[in-house]
Amino acid sequence: MKWLSHRNAQPLVYVAMIASIGLQIAWLVQLFDAQKLQVKRDLDQAVANAARMSEYLSVAPGHENNANFKSFFLSPQWLQLKQAYTQMRHMGIMSRFESSFRNDSTQIKIALRIANNSSAPKKARKISILDDGETMESVIKEDRRDLIRMDSLVKLECERQKINEDSFYILYDYMTGKPGSRENWIRSKNADYKSEHFGYNLNFFIHSYQLVVPSLTKTLFYRMRYYLGSSFAMILLTGLAFWFLFKVMRSERFYTNARLAFTGNMTHELKTPVAVIEAALDSITRYELANDPIRMDHYLKISKNEIHRLNQIIDKVLNLEQLDNGNINLRMELYDIQQGLESVVLSMRLRENSGLVKIDYQPSEDPCFVNGDPVHLTNVFYNLLDNAIKYSGSKPVIKVSCKCTTSHVLIMFQDNGPGIENIYRTRIFERFFRIPENPDIHNVKGTGLGLHYVKEIINRHGGKIEVSGILGQGTLFTIYLPAYDEI
Ligand SMILES: Nc1ncnc2c1ncn2[C@@H]1O[C@H](COP(=O)(O)OP(=O)(O)OP(=O)(O)O)[C@@H](O)[C@H]1O
Ligand SMILES: [Mg+2]
């Protein structure tokens, strides 16, 4: 798929990520709306149940558990009849309800009183809300008691439905429909839920009851907790998957670039010694240097050095290949770190004999031994010293030191080069990685394999390597190796 290049893949991944997160959110919003509707329905049911129970209790005081009574007054047929009964009150028809309990039975009387002068104005037709024998005070007292009962029944029903929100009620005048508390009525305007108006006593009607729940958020979050949890986990997982994808894409692009750079560097690294050797041998034959032993010796030395360099490069690549394939076998033995460092420093001093490179070696006073592979550890020191010289500009001053603690041996390589920015301090250990566009080290050749090899070898020895130093003032590489354990 040619079109699926890195350049196209990245926006595609972004779009896919945004779309999948967007879909999750849209789904949640839909679910939220549906749940809100369901909670409102449950509240409708709760208030209706409470009102029905409250009315039932108002006709059966002291006989609440009478089974016959219950099957009649809580039946759907009675509910229908009761609605008509209530409706009549609205229309100005006086209805009267009476229940009397005897030892063996209960008598219930329902009477209607309809005004005669139906042509009279509506106001004149109004009949007193008081039934016979009732006074306003007694009715108001009863109304208060029943209101408290109604409210606690509503709360119980809400609890049963697991709706535990702050709520309040508004009382409306049964005849006029006007709210009792203007303040509550205003508060109810922006409420999430307002119930229908319900009566709560069958014997009289002074007020109707309305439940108001200002906010349903707590209940909605409670009911949606599993959906929210799984959505959150899905978003997190999707985010993680995309992040991982990006990382893979980035490192793939990095490796593609690095491999190209590596090929370029290797071509240079391999071609230069070959060209130098070719030129040296060519000169020997062309100018018949067999007759000039001093010059011939000089050319042969150059050739030998170049062959040595070539050999080192080949070793580096082969070592790394073996290391990455897990085929390398370390030959562990008692290894004297100080001796190893000394020999590497010495050979480096010989290599850099121009007088421009200063290598200061500060050995430890105590002997420092580790259980290690002499060949690979020497390579490690060589690589770090080589880097310190390569990247420290025209006058490198390098300090190599060693310290021993009871558990560890610390080996430090300090240079006076440009230092390494924080963002590159882990990446320099990646295969092929070379710090890009650093003007000071721009023309320094290398394969980008040295530090990767160093880290792998140190890890295999159970140690670690750290980079520190101040930018512009130099770099410090510190190796920690477990000290030799005699047991
Ligand atoms: N002492 C140092 N000071 C500044 N930068 C350094 C130092 N050592 C390493 N680096 C940076 O880290 C990069 C990786 O180093 P590494 O030794 O892995 O590769 P190299 O030196 O480029 O190639 P090789 O060692 O394989 O010939 C270098 O290219 C360089 O940019
Ligand atoms: Mg290097």
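Reply: What follows is a close look at one helix pair and its surroundings.

The model is predicted. The part in view is the pair α11 (residues 374–390) and α12 (residues 450–460).

Start with the geometry. Two packed helices are described by the angle between their axes and the distance between the axes. Here α11 and α12 pack at an angle of about 145°. Their axes are 9 Å apart. The crossing of α11 past α12 is left-handed. On the α11 side, H376, V380, N383, L384 and N387 make the contact. On the α12 side, G450, Y453, V454, I457 and I458 make it. By type, the contact residues of the two helices are six nonpolar and four polar, with no charged residue.

An α-helix has 3.6 residues a turn, so residues three or four places apart point the same way.

Now α11 by itself. Its length can be checked. At 1.5 Å a residue, the 17 residues of α11 should span 24 Å. The end C-alpha atoms of α11 are 24 Å apart, so the span agrees. The buried residues of α11 are H376, L377, N379, V380, F381, N383, L384, L385, N387, A388 and I389.

T378 also belongs to α11. Is T378 buried, exposed or partly exposed? T378 has 18 other C-beta atoms within 10 Å. Buried takes 20 or more, and exposed takes 12 or fewer. T378 is therefore partly exposed. Leaving aside neighbours within four places in sequence, T378 is in contact with G340 and V344. The C-alpha atom of T378 is also 9.0 Å from that of I337, 41 residues apart along the chain.

In the loop between α11 and β9 (397–404) lies Y391. Y391 is buried, because 21 other C-beta atoms lie within 10 Å.

Turn to the partner helix. In α12, the buried residues are G450, L451, H452, Y453, V454, I457 and I458. They pack against α11, and also against α9 (293–324), β11 (464–468) and β12 (476–482). Just after α12 comes G462, with a positive phi of about 75°.

The ligand ties into this pair.

Most residues other than glycine have a negative phi, and most peptide bonds are trans. K162 has a positive phi, near 60°. K162 sits in the loop between α5 (136–160) and β3 (168–173). With 11 other C-beta atoms within 10 Å, K162 is exposed. E288 has a positive phi too, near 45°. E288 lies in the loop between α8 (225–286) and α9. E288 is exposed, with 10 other C-beta atoms within 10 Å.

Conventions:
Residues numbered from 1 in each chain as written. Chains lettered and ligands numbered in written order. Predicted model: local features only at pLDDT ≥ 70, side-chain atom pairs only at ≥ 80, totals over all residues. Axes fitted to C-alpha atoms, helices over the stretch in contact; angles between N-to-C directions. Helix = DSSP H or I, 4+ residues; strand = E, 2+ residues; numbered from the N terminus. Left-handed = near helix turned anticlockwise from the far one by under 90°. Contact = placed C-beta atoms within 7 Å. Nonpolar A, V, L, I, M, F, W, Y, C, P; charged D, E, K, R; others polar. Expected span 1.5 Å × (residues − 1).
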